Amino acid sequence: MPLTRAAFEEALRLYPPAPSINREPVETDHYRDLVLPRGAQVLVMPWTVHRHRKNWDNPEAFLPERFHPGNREKIDRFQYLPFGAGPRVCIGASFAMQEAVIALAVLLKLYRFDTVGETRPWPVQKLTTQPEGGLPMAVTRR
Ligand code: HEM
């Protein structure tokens with residue numbers, strides 16, 4: 001289960017379902033030397049933060065070992081934001097992690113998932129990150 005969890009966390013790093021998080025200051029605010037005027041549209045981009053070369057070694061590679069026990073603890077709270085952060089952090093984060101990891105572990109134990117000729121994954125943002133045209137796979141019972 002820890003390895004399944006690590007693979008899922010790495011998938012959330014490369015393909016965060018919420019690739020951008022929006023805020024609009026109700027009053028003029030400041031962040032470091034930035035002025036954020038009232039009504040400004042502020043985008044925090046987990047997609048970019050999760051792939052920034054200053055934050056990650058080999059950022060484009062799928063490397064679940066980043067999230068293995070012993071490595072996971074070294075990831076800064078604000079460099080990995082699939083569930084957001086702060087007062088509006090996702091209230092379903094723990095539930096979503098449990099559900100996804102159990103579902104993934106059970107499915108992978110029973111079935112094989114193989115790419116096929118038509119599998120051409122391409123991420124698009126339609127509010128959430130989605131595979132354009134779906135993600136056809138061949139499923140066989142183990
Ligand atoms: C992989 C699954 C999920 C992801 C990636 C995700 C991601 C997020 C993110 C990034 C936010 C913050 C949005 C913001 O700051 O503007 C959020 C908020 C929220 N999420 Fe999730 N979420 C997931 C699953 C769930 C589930 C399963 C539930 C409910 C059972 C849930 C309920 C909520 C609620 C109610 C908020 C709003 C919290 C607030 O504004 O105080 N989410 N989610």
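Biologist: What makes Met-137 part of a strand, and which strand is it?

Modeller: In this predicted model, Met-137 is found in β8, which spans 137-141. Strands are DSSP runs of type E with at least two residues.

Biologist: What makes the group around Met-137 a nonpolar patch, and which residues are in it?

Modeller: The patch is made by Leu-107, Leu-108, Phe-113, Leu-135, Met-137 and Val-139, and it covers about 490 Å². Nonpolar side chains are joined within 5 Å, provided that each residue has over 30% relative accessible area and no salt bridge; therefore these residues are grouped as one patch. Both α3 and β8 supply at least two residues of it.

Biologist: How do you know that Cys-90 is a donor to the iron atom of the ligand?

Modeller: The SG atom of Cys-90 is 2.3 Å from the iron. The cut-off for a donor here is 2.8 Å, so Cys-90 SG qualifies. The iron has a single donor from the protein. Water is not among the atoms, so the site may look incomplete.

Biologist: Where in the chain is Cys-90?

Modeller: Cys-90 sits in the loop between α2 (46-50) and α3.

Biologist: Which residues surround the ligand, and of what classes are they?

Modeller: The shell has 14 residues, and the closest are Ile-21, Arg-23, Phe-83, Arg-88 and Cys-90. By class there are ten nonpolar, two polar and two charged residues. β1 (21-23) and α3 (93-110) each supply at least two of the shell residues.

Biologist: Why is the pairing of Arg-13 and Glu-10 called a salt bridge?

Modeller: Their closest N and O atoms are 2.7 Å apart. The limit is 4 Å between a side-chain nitrogen of Lys or Arg and a carboxyl oxygen of Asp or Glu, so the pair qualifies. The structure holds five salt bridges.

Biologist: Why are Arg-13 and Glu-10 about one helical turn apart?

Modeller: Both are in helix α1 (residues 2-14), and because they are three residues apart there, about one helical turn separates them.

Biologist: How many helices and strands does the chain have, and in what pattern?

Modeller: The protein chain has three helices and eight strands. Along the sequence they follow α-β-β-β-β-α-α-β-β-β-β.

How values were computed. Residues numbered from 1 in each chain as written. Predicted model: local features only at pLDDT ≥ 70, side-chain atom pairs only at ≥ 80, totals over all residues. Heavy atoms only, no water. Near = heavy atom within 4 Å. Helix = DSSP H or I, 4+ residues; strand = E, 2+ residues; numbered from the N terminus. Nonpolar A, V, L, I, M, F, W, Y, C, P; charged D, E, K, R; others polar. Donors = N, O, S within 2.8 Å, 3.2 Å for Na, K, Ca; no water. Patch = residues over 30% accessible without salt bridge, like charges linked within 9 Å, V, L, I, M, F, W, Y side chains within 5 Å. Areas by Shrake-Rupley, 256 points an atom, 1.4 Å probe, with all protein chains shown as cover.
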